[in-house]
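Thanks for asking me to look this one over. Here are my notes, point by point, to read alongside the model.

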Amino acid sequence: MVILGAGPAGLVLGNVLLAAGVDCVILERADRARLAARPRAGFLAPNTVRVLDRHRLAEGLHRHGREHAACEFRTEDGSFRLDYGARGRGERHTVYPQHLLVGDLLAHFQQNGGQVRFGVEALAVLDTRTSRPRVTARRADGPPETWQARYVAGCDGRHGAARRSLPPGAFRHHRYDHGVSWLGLLAEAPPSLDAVGYAVHPNGFAGHMARTSSVTRYYLQTGRGGSPEDWSEARIWRELELRMRAAEHGPLHHGPIVQRTLVDFESDVIEPLRHGSLFLAGDAASLLCPAAAKGANLAVLEAELLAEALVADLLHGEAGGLATYSERCLRYIWRAQEFSHWMVRLLHAAPGDEAGAPFHDALRRSRLDSLRSSRSHQDWFAEHYVGV
Ligand code: RFL
């Protein structure tokens with residue numbers, strides 16, 4: 001088995017396969033140091049924790065992760081807190097930075113004898129209609145390499161080799177541009193709220209999400225086409241204080257900004273996720289905008305489904321799980337896409353040039369009003385916010 005990419009999808013898949021006795025290798029473009037230092041997600045759904053628990057991969061997150069169960073909305077119509085952990089199914093997030101999780105998964109895989117080839121970039125997946133697919137790859141300072149296996153798992157993200165290798169005409173690529181961009185920031189500062197903060201302001205959205213006791217993720221909605229360098233630290237904190245209405249709710253804890261990333265809100269889905277002996281999982285299968293924090297959670301869910309189906313096929317000759325893998329994942333993917341899309345509409349004013357923008361904006365305020373006052377709407381939110 002060849003796995004492309006050592007993100008959450010590839011590493012969960014690799015660990016489950018290895019534990020079952022399936023021989024596999026992971027090809028990873030980045031070097032080890034870069035991989036373990038790439039902060040991205042942080043909010044892990046209860047299902048993700050259950051999957052990691054089932055495969056004994058959750059020791060680090062239980063030791064260092066923190067439970068999280070509340071959001072605070074700050075809007076032009078006032079603020080309100082939603083204790084989602086006490087609504088719906090009563091479930092909570094575990095906050096544990098993705099790069100720490102990736103570090104744990106990598107260590108576990110390698111301690112159990114798993115092979116990761118760092119600095120190896122897959123170029124193409126060939127012969128996917130046969131039972132001996134090949135992966136061509138290159139190393140920065142070495143000759144081209146070819147890897148061959150019974151199956152290949154494309155866990156190499158949206159711009160990886162797996163997507164590029166899909167036979168033209170054999171898949172649908174659903175794409176949506178939400179017309180919104182966020183500047184994602186990491187501040188070396190303790191969280192300022194004991195809740196996820198979602199602020200809707202005439203200047204645009206601002207968000208606050210705890211990562212650890214000394215690191216906080218912030219988001220600022222920005223225009224398209226800017227550069228993270230347009231944002232000095234002074235401008236960032238001024239804008240965060242303004243949009244989060246610090247004058248009314250209390251100041252934010254300031255600290256050095258150690259990461260600035262621009263994220264254009266685009267979503268997409270590849271259908272189907274299986275092409276002969278090539279399977280897609282994680283961001284390679286579907287990209288979700290980060291508004292609802294679903295991407296890493298879906299990646300883990302899909303990796304477990306794929307691992308179990310591969311084990312059934314390779315060790316027990318039962319091909320049914322692989323045959324239905326794509327269909328089963330796509331149901332989860334579209335549910336997550338639907339909720340993420342709803343969140344984007346909840347948190348952002350419609351672009352001024354969009355047809356019916358004032359109407360959409362009135363709908364957004366009405367949605368927030370309903371979420372503030374309707375217990376059944378809060379139950380629905382809680383279930384979808386922590387679920388995948
Ligand atoms: P990854 O993590 O991108 O890993 C893919 C790996 O493949 C490697 N690679 C290749 N290797 C070999 N050959 C090639 N040709 C290759 N091309 C790429 C890459 O180096 C990389 O190591 O994908 P995976 O495993 O599918 O995991 C997906 C998640 O990383 C992603 O969905 C989340 O980070 C999204 N996301 C969030 N998800 C959550 O569930 N909760 C959150 O709180 C959350 N917050 C976020 C986020 C994403 C963000 N950004 C950066 C868009 C916050 C942000 C700012």
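1. Let's begin with I26: its bridge partner in strand 8 is V116. Strand 2 (residues 25-28) and strand 8 pair in the parallel sense, and four bridges hold the record of that pairing. Please keep in mind that this is a predicted model.

2. Which residues of strand 8 lie on its covered face, and which on its uncovered one? In strand 8 (residues 115-118), V116 and F118 form the covered face, while Q115 and R117 make up the uncovered face.

3. Eight strands make it up, in the order 6-5-14-15-16-13-17-20, and the pairing is mixed. Its edges are strand 6 (78-82) and strand 20 (286-287), each of which pairs on one side only.

4. On one hand, strand 13 runs antiparallel to strand 16 (residues 216-222), with seven bridges joining the two; here S181 stands opposite T222 of strand 16. On the other hand, 13 bridges join strand 13 to strand 17, again antiparallel, and Y176 is set opposite S267 of strand 17.

5. Strand 17 (257-271) also pairs with strand 20, in the antiparallel sense and over two bridges. If you want a residue pair to click on, V269 stands opposite S286 in strand 20.

6. Helix 7 (residues 233-243) lies across strands 13, 14, 15, 16 and 17, and runs at about 85° to strand 16. Helix 12 (residues 375-386) lies across strand 5 (71-75), strand 6 and strand 14, at about 120° to strand 5.

7. Helix 12 also packs against helix 11 (residues 357-373), at an angle of about 100° and with the axes 6 Å apart. The two helices are therefore roughly perpendicular to each other. Helix 11 brings R367, S370, L371, R372 and S373 to the contact, and helix 12 brings R375, H377, Q378 and F381. By class, these are two nonpolar, four polar and three charged residues.

8. How are helix 1 and helix 9 arranged, and how far apart are their axes? Helix 1 (residues 8-20) packs with helix 9 (residues 295-316) at about 30°, and the axes are 8 Å apart. That angle makes the two helices roughly parallel, and helix 1 passes helix 9 in a right-handed crossing.

9. The contact itself is worth a look. From helix 1 come P8, A9, V12, L13, V16, L17 and A20; they meet A299, V300, A303, E304, L306, A307, L310, V311 and L315 of helix 9. The residues of this contact divide into 15 nonpolar, no polar and one charged.

10. By contrast, N112 is 54 residues from L166 along the chain, and the C-alpha atoms of the two are separated by 32 Å.

Methods. Residues numbered from 1 in each chain as written. Predicted model: local features only at pLDDT ≥ 70, side-chain atom pairs only at ≥ 80, totals over all residues. Heavy atoms only, no water. Axes fitted to C-alpha atoms, helices over the stretch in contact; angles between N-to-C directions. Parallel < 35°, antiparallel > 145°, perpendicular 65-115°, else oblique. Left-handed = near helix turned anticlockwise from the far one by under 90°. Contact = heavy atoms within 4.5 Å. Nonpolar A, V, L, I, M, F, W, Y, C, P; charged D, E, K, R; others polar. Pairing = 2+ DSSP bridges. Buried < 20%, exposed > 50% of the residue type's maximum accessible area, 1.4 Å probe, protein only.
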